[in-house]
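Biologist: Can you walk me through this one? I would like to go through it piece by piece.
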Amino acid sequence: MKESEERYSILLECASDGIVSLNSRGKIIEFNRKAEEIFQYTKDEVLGRNLSIIVPKYYFPTHRKGITDIIESKKSRIGKTMEVVGLRRDGTQFPHEISVSTFRVGDEVIFTAIIRDISERKKAEEKIKRQNEELILLNSIAQIIGQSINLEEILNSTLGFVMDTSKANVGAIFLPNHSKLTLAAYKSKFEKNPKKKRGDEIKLGDNSIGYAAQKGKIVISNNTRDRRQKIPTIISHFSKLKYFICLPLKSKEKVVGVLFIGDSHEIRFTGKDENLLNSIGNSIAVSIENAILFEEIKAANLEIAQEREKLEHLTMKLIVSQEDERRKISRELHDEAGQLISTLKINLEMMGKKLPGNLTTISNLVKKSTELVDQSSYEIKRLCTNLHPSLLDSLGLQAALSSYIEEFQESYGVKTEFNYGGIKKRFPIEIERVIYRAVQESLNNIAKHARASRLSVSLLDTPISIIVTVEDNGVGFDVKRTLSSHEVNRGLGILGIKERMCLVNGHITIKSKKGNGTVIRLEIPKKV
Ligand SMILES: Nc1ncnc2c1ncn2[C@@H]1O[C@H](COP(=O)(O)OP(=O)(O)OP(=O)(O)O)[C@@H](O)[C@H]1O
Ligand SMILES: [Mg+2]
């Protein structure tokens, strides 16, 4: 008997789990070495003491009920493993697994619990759970941020999300602006319309928010005192806040903002979450930087577009005044020089008639001069038409082009063809002028450069656009090289066509191959 008792006692002492036995009155009657280690009591200190010494108060009723149930059922039993909470000598509570077995000696019931401290396992489980939650949180933030490139949207949606996740009452995001921080987003559960505060400023270094921005460090405070100095008054109802966090939003070590969250109770985040908070701060910061960059590009593009619009407006004015000037010169030439030449011709003819028949040399000279005057008159007319095709104003594009192309054939001996179709009514005068000048320049180019024997012009009116083509069978040219040339004396004709086309939202394409002729195509959309 003694021998088996000794063996039992050795077994008890060497066990790697804590073993505690109780009698039916709940008094401790066995407490092994591992139990001493777990509960921080020596065996002598606990023997004969009530179980309550190693169990937190709120567990008393459960234990008492367990003991009575077993005593009343009058059965021995080997219990299942369960998770309970124990109480150490220093007052700390810890989770452990117990497995209780009972056996009866007469009326006495002995309870033996095998105890395994699972604090470490619980901690590890807790850590994994937390890491998972952190990943989910970061992923959600990344998703929210990724949905927009609009700065205001990013600020508002991330602020809302962080506040919901942390269960904060108040939240704000400040963005640096020289030596100040401007309130860029603000939400408060204490206020109905908290947005009114946007644009408010605080100085860098002032209060906790300014400090977080200046030092790039998180400020976590659960100190209800000194609140007045720590929180700027921009955060209304700050006196209700018991807890707040100022998180610098850092991208590549540069603070691009500060996130503030505060609550009248404790926020989910604590000092232990510093890494997580920094990660949240980084992802918000990167998206803020991107959004700012995008806004800058947008602003720059807008500026460029405005400049371009101004330039287009100026070009338009220039072209209009050029046309006016041409019209004026053309009229003056026609009215003044034209009249003078006509008078000169009449005079010469009269002179010729009055000359005596024997003055043949002079009479021939007068005849020649009359011919020269005729030629000058023709040249002046041609110049007038070139400067300002009066037909364009009076009869429209079709008639003006037709006459111009015909004259071109006469002047340059190039066989011409003019086709048109679909035209039911006149185009707006500015479009007619643009097309007329473009055809004029294209034909001039053919005369100057193409050495062509044939050319054809077509004018097509479709429901969506006006299409003009000028085609020749001349020597052709390297379009890409010619048009990208930066030579000082490069021609301006095609450039002029392009500019005029821009004014009517038109488009020009040139197809040409050396030795294979040239096709110029203009397309001008119709305003719907
Ligand atoms: N139909 C064509 N056939 C062959 N070459 C052409 C033709 N049209 C244009 N080119 C070539 O393209 C160049 C550019 O034409 P553009 O009208 O811009 O200038 P330009 O005629 O030389 O000078 P400007 O028009 O200012 O008097 C011409 O110098 C010529 O080499
Ligand atoms: Mg030219």
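Biologist: Which strands does α7 lie across?
Modeller: This is a predicted model. In it, α7 lies across β6, β7, β8, β9, β10 and β11, and runs at about 25° to β10. Another helix, α9, packs on the sheet as well, where it touches β10 and β11. The direction of α9 makes about 50° with that of β10.

Biologist: In what order do the strands of that sheet come?
Modeller: The order is β8-β7-β6-β11-β10-β9, an open sheet of six strands with antiparallel pairing. At the edges are β8 (201–203) and β9 (219–221), each of which pairs on one side only. From one strand to the next the twist averages 25°.

Biologist: How many bridges join β9 to β10?
Modeller: Three bridges join them, and the two strands run antiparallel. I220 is the residue that stands opposite I245 in β10.

Biologist: Where is K240 found?
Modeller: K240 is in the loop between α8 (227–230) and β10. K240 has 13 other C-beta atoms within 10 Å, so it is partly exposed. Leaving aside neighbours within four places in sequence, K240 is in contact with F190 and S264.

Biologist: Now the inside. How many residues are in the largest nonpolar core?
Modeller: It has 45 residues, and V258 and I261 have the most contacts inside it. Among the elements that each supply at least two residues of this core are α5 (119–146), α6 (151–166), β10 (243–251), β11 (254–263) and α9 (274–354).

Biologist: What is V258 in contact with, leaving aside its neighbours within four places in sequence?
Modeller: V258 is in contact with F174, L181, I209, A212, A213, C246, L247, P248 and L249. Apart from this core lies another one, of 27 residues, among them Y404, L443, L455 and V457.

Biologist: Why would nonpolar residues be buried together?
Modeller: In soluble globular proteins, nonpolar side chains tend to be buried together.

Biologist: Change of topic. What is the strand order in the sheet of five strands?
Modeller: That open sheet has the order β12-β13-β14-β16-β15, and its pairing is mixed. β12 (415–421) and β15 (507–512) stand at the edges with a single partner strand each, so one side of each is left without a neighbour in the sheet. Here the twist averages 10° from one strand to the next.

Biologist: Which helix packs on it?
Modeller: Helix α12 (residues 397–412) does, touching β12 and β13 (454–461). The direction of α12 makes about 170° with that of β12.

Biologist: How many bridges join β14 to β16?
Modeller: Eight bridges join β14 (residues 465–472) to β16 (residues 518–525), and the two run antiparallel. One of the partners is T518 in β16, which is bridged to D472. β15 and β16 also pair in the antiparallel sense, over six bridges, and I508 has L522 in β16 as its bridge partner.

Biologist: What sits between β15 and β16?
Modeller: The two form a hairpin with five residues between the strands, and G515 there takes a positive phi near 80°.

Biologist: Which residues of β16 are on the covered face?
Modeller: T518, I520, L522 and I524 are on the covered face, and V519, R521, E523 and P525 are on the uncovered one. In a regular strand the side chains alternate between the two faces of the sheet.

Biologist: Last thing, the ligand. Which residues come nearest to ligand 1?
Modeller: N445, A450, G491, G493 and I494 come nearest, out of 17 residues around ligand 1. The largest share of that shell, five residues, comes from α13. α13 (429–450) and α15 (493–503) each supply at least two residues.

Biologist: How do the residues of that shell divide?
Modeller: Seven are nonpolar, eight are polar and two are charged.

Conventions: Residues numbered from 1 in each chain as written. Chains lettered and ligands numbered in written order. Predicted model: local features only at pLDDT ≥ 70, side-chain atom pairs only at ≥ 80, totals over all residues. Core = buried A, V, L, I, M, F, W, Y, C linked by C-beta atoms within 7 Å. Buried ≥ 20, exposed ≤ 12 C-beta atoms within 10 Å, placed from the backbone. Helix = DSSP H or I, 4+ residues; strand = E, 2+ residues; numbered from the N terminus. Contact = placed C-beta atoms within 7 Å. Near = placed C-beta within 6 Å. Nonpolar A, V, L, I, M, F, W, Y, C, P; charged D, E, K, R; others polar. Pairing = 2+ DSSP bridges. Axes fitted to C-alpha atoms, helices over the stretch in contact; angles between N-to-C directions.
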